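Open the structure in your viewer and keep the selection panel at hand. We will go from one stop to the next.

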Amino acid sequence: MPVTSASDRRRYRIGLASSRTHQDAPHSPLAQLINGSRAAIEQHLQPNLIVVGRTLDAINQLGLLDGYPHLERFPYGRQGGLMKLVSRVVDSDPTRTLDAVIYLMDPVDPSSTFPEAVALKRQCVIHGKPFLSTLAGAQEWLELESIGLGAAPNSELDLTFDLANEGIALIAHDAMKERMLTIAERHFHLLDQFAFRCATGTTGSLLNKLAQRIKGEEAGRNWVKPFLSGPMGGDAQIAELILDRQQCRRVLFLEDPHVARQHEADIQLLERAARTVTDYALCINDAGCGERWLELLHKRVGMQGS
């Protein structure tokens, strides 16, 4: 399949920021992202990158995108750079709005809890824009979007797409449980290829009932491993799997951003776990983004070894 030229389509607009500790060295997550995804950025997607000040300084100092013509500087974070990214996420003007945000977040950096950082993720979920806060998540998104345009797969990522050795967590807030079931049924064949599936509380029970309907009562009974409900600690149980780097690389967490949640700390704990192992784990938080991610993941898995 031929690669669609950037000149033949509207160019992606991606907001880019990074915590200080993720950008200041030749082997930092920011450097790993750009060096490992160079073909996706410079050849296939050729996005407009709207970069917060100090992150762009680091890119220039490390020589990461020398000569790349589609860079736009935003102010430093302390001067409102992240706040402007939030505004661009919600902007309806196609020449200004952001299609995705990559914010490589260090979980021990206090700025990751600043109101503008929290609002940036929330508005991405509300407006159906990918919010990618880990190195692994950003790498996979760039790879899959490139595949969607007809690019050849990056063979260096093949191991991460060997689903027979991968795990996935499926989590949904109450208002999103029906949407999770719809997504799981639509992408059941792909999800069934994972070696391990887990979920919290009620979501896990509902998914197992779905699997029993599709695979039969016995075969579907334990299709997902159910943990405790989120408020009772299920998010923390899944966080441990992520931190172990063995059983759960990917998390599809359908959030309802309009409802106040008493167990907000547990939700943040799960995301913090993924950011702690930034080169390993990723979280998808929006149903629409999750649908596209699974569609492109199916396409990428089908290209293994090609």
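How many residues of strand 4 (residues 100-104) are buried? Select the strand and see: five of its five residues are buried, so strand 4 is mostly covered. This model is a predicted one.

**Stop 1: the two faces of strand 4**

Show the side chains of strand 4. In a regular strand, side chains alternate between the two faces of the sheet. Here, Ala100, Ile102 and Leu104 lie on one side. Val101 and Tyr103 lie on the other. Both faces are covered, and these residues are all buried.

**Stop 2: the partners of strand 4**

Strand 1 and strand 4 pair in the parallel sense, over five bridges. Pick Ile14 and look across: Ala100 in strand 4 stands opposite.

Which residue of strand 5 is the bridge partner of Val101? Click on Phe131 to see that partner. Then trace the chain from strand 4 to strand 5. The path runs through helix 5 (residues 115-126), and this β-α-β crossover is right-handed.

**Stop 3: helix 6**

Select residues 135-148. This is helix 6, with 14 residues. From first C-alpha to last, helix 6 reaches 20 Å, close to the 20 Å expected at 1.5 Å a residue. Is helix 6 largely enclosed or largely open? Largely enclosed by the rest of the structure, because 13 of its 14 residues are buried. Step past the end of the helix to Gly150. Gly150 follows helix 6 and has a positive phi, near 100°.

**Stop 4: helix 6 against helix 13**

Show the side chains at the contact. Helix 6 brings Glu140, Glu143, Leu144, Glu145, Ile147 and Gly148. Helix 13 brings Arg292, Trp293, Leu296, Leu297, Lys299 and Arg300.

**Stop 5: Lys177**

Finish with a single residue. Select Lys177, in helix 7 (residues 177-186). Is Lys177 buried or exposed? Lys177 counts as buried because its relative accessible area is 14%, and the cut-off for buried is under 20%. Now show what surrounds this lysine. Leaving aside neighbours within four places in sequence, Lys177 is in contact with Ala172, Thr202, Thr203 and Leu206.

Key
Residues numbered from 1 in each chain as written. Predicted model: local features only at pLDDT ≥ 70, side-chain atom pairs only at ≥ 80, totals over all residues. Heavy atoms only, no water. Helix = DSSP H or I, 4+ residues; strand = E, 2+ residues; numbered from the N terminus. Buried < 20%, exposed > 50% of the residue type's maximum accessible area, 1.4 Å probe, protein only. Contact = heavy atoms within 4.5 Å. Expected span 1.5 Å × (residues − 1). Pairing = 2+ DSSP bridges. Right-handed = clockwise from strand over helix to strand, strands pointing away.
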